[in-house]
Amino acid sequence: MLIEIEKKSKTYRFEANAGEKILHAGLRAGVPLPFECATGTCGSCKARVNQGDIDEGWPEAPGKENFKAAKREMLMCQCVAQTDCNLTVPSKIKAFREDDINPDHHQGKITDYEMLTSDVLRFEVKVPIEGAFHAGQFFVLQAPELEGYRAYSMVNYSQSTDTLEFIIKKFPGGELSNWAFESNRLNETLDVFGPLGRATFHPDEGHDLFMIAGGSGVAGLMSILEHANQVNYFQDHKVELYFGVRTPNDLFFAERFRAIKTQHPDNVSINIVFSNEPPTSEQLSGNDGLNYLTGFVHERALPAVLEGGGNTMHYLAGPAPMVDALIRPLILDSKIPADRIRYDKFN
Amino acid sequence: MSWKAACPTGDVKQDKIKECTIDGVEIILVNVGDGFRAYPPVCPHMEQYLEGSGICANNVMTCDRHLWQWDMKTGEPLGPAEKPLLIYDTKEEDGQVMVFIDEELEYDFDDDDDD
């Protein structure tokens with residue numbers, strides 16, 4: 001199917017395969033279509049169908065909140081072309097960074113699978129090409145026989161790797177989550193598309209880092225910490241991480257945090273915030289270099305934000321209500337410029 | 001159409017967004033310190049109602065949905081925003097904020113200008 005998008009300055013044309021989401025087809029062809037979540041919730045990839053037939057995919061997608069059916073408005077991340085189509089895309093079509101990697105479809109094989117806590121598991125997916133990505137990016141994954149993609153940020157980072165490391169939280173009603181937890185999925189295959197996302201880290205930007213993560217949202221921030229550590233970034237830049245989980249039993253990645261903290265103790269601050277139980281006496285002894293706190297992660301993190309932000313880039317990652325609850329006080333009370341906030345909301 | 005009274009000036013506080021309907025036309029009002037500004041009620045990006053999603057600080061408005069921002073005095077886009085806020089003329093008279101409504105200002109959500 002030929003997809004045509006007319007802009008005043010240029011007409012974009014690309015081919016979409018049968019059954020392929022229009023957003024994926026365009027990005028794969030190097031057309032930097034607008035998008036944010038790529039999973040139907042944010043509405044950023046809005047387009048209008050001028051000509052042609054589409055299957056709109058997920059009719060109740062939350063991202064379609066203000067869309068007008070009469071104008072044939074739809075989400076490119078959800079819909080599939082059934083004929084050649086002519087579309088209008090109201091948002092700008094613009095490249096983000098020169099070193100962005102064109103996303104593509106891959107068949108991935110699960111090569112490692114382990115439980116990290118009672119409801120968080122970690123798995124690795126091997127993809128058949130050298131899959132470079134920016135730290136902080138995500139892939140969308142689709143399990144066999146399941147409808148629809150779900151977005152997961154990579155945990156690992158390497159300039160050249162064929163392995164994507166993910167964590168996934170048990171989430172009742174989440175189809176991919178149910179599939180992943182149902183049985184050991186080692187050696188099974190998944191459809192993956194990526195890399196995607198702009199909540200990324202680039203050493204050449206030279207920012208100090210302030211990070212707030214809830215639960216499995218810490219994945220992309222772990223990737224950023226690993227990339228930064230690999231290039232010795234914390235030699236002369238600071239990072240402050242606030243990571244919220246419910247109880248000491250729900251904590252994971254403590255070893256990985258410690259490994260980075262140990263190398264640059266003065267510039268790395270890792271704060272673990274438990275919402276439902278106090279830290280253990282061993283954690284409170286302070287021997288492992290991490291700080292342990294009690295409360296809600298946003299309440300603990302916000303007072304530590306530097307007013308005006310200075311040279312700091314702020315990264316927010318976690319459930320959508322947590323991220324929404326952080327954006328307003330960051331802008332209003334801490335006076336952080338919007339371009340110093342990068343976020344991933346997980347729904 | 002003509003100048004219409006929107007509300008008492010004291011009802012429009014700094015860093016807050018006040019929604020009003022004048023002869024069936026919905027607007028939002030803000031106080032920029034040395035005067036007032038009136039805009040259509042929705043974000044020019046995804047039509048989110050700015051009374052709920054707008055954050056005002058230091059004469060910059062931010063929509064919390066995708067962080068589009070504007071200079072509240074001029075309506076000009078800042079940062080990632082791609083479109084300006086449309087502005088109705090305003091003035092103060094007898095303690096009221098007056099808004100000049102010739103016709104309802106609406107964003108063109110089909111505009112595909114990518115310059």
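Colleague: How do the residues of the lining of the second largest cavity divide into nonpolar, polar and charged?

Modeller: In this predicted model, a cavity is a set of points on a 1 Å grid over the protein atoms alone where a 1.4 Å probe fits but cannot get out, and lining residues have an atom within 4 Å of a point. Ala, Val, Leu, Ile, Met, Phe, Trp, Tyr, Cys and Pro count as nonpolar, Asp, Glu, Lys and Arg as charged, and the others, Gly among them, as polar. On that basis the lining of the second largest cavity divides into eight nonpolar, four polar and two charged residues.

Colleague: Which element gives the most to the lining of the second largest cavity?

Modeller: This cavity holds about 60 Å³ of space, a volume being the space filled by probe spheres set on grid points joined across faces, edges and corners. Of its 14 lining residues, the closest to the centre include A:Ala199, A:Gly220 and A:Asp344. Helices (H or I, at least four residues) and strands (E, at least two) are DSSP runs, numbered from the N terminus, and the greatest contribution, four residues, comes from β19(A).

Colleague: What volume does the largest cavity have?

Modeller: The search of the whole structure finds six cavities of 30 Å³ or more. Residues of both chains line the largest cavity, among them A:Lys46, A:Pro90, B:Trp68 and B:Phe109, and by class its lining has five nonpolar, two polar and three charged residues. Its volume is about 80 Å³.

Colleague: Which exposed residues does the face of α4(A) turned away from its buried side carry?

Modeller: Buried means under 20% relative accessible area, exposed over 50% and partly exposed in between (1.4 Å probe, protein chains only). The buried residues of α4 (residues 254-263) of chain A are A:Ala254, A:Phe257, A:Ile260 and A:Lys261. They cover an arc, taken from the directions from the helix axis to the C-beta atoms, of only 130 degrees, which puts them on the same side of α4(A). The face turned away carries A:Glu255 and A:Thr262.

Colleague: Which conventions apply to the numbering and to the side-chain values?

Modeller: Local features need pLDDT of at least 70 and side-chain atom pairs count only at pLDDT 80 or more, while totals for chains, interfaces and linings use all residues. Residues are numbered from 1 along each chain as its sequence is written, chains are lettered from A and ligands numbered from 1 in the order in which they are written, and side-chain values use heavy atoms, with hydrogens and water left out.

Notes. On a 1 Å grid over the protein atoms alone, a cavity is a set of points where a 1.4 Å probe fits but cannot get out, and a pocket is an open set with protein on both sides within 12 Å along at least five of seven lines; lining residues have an atom within 4 Å of a point.
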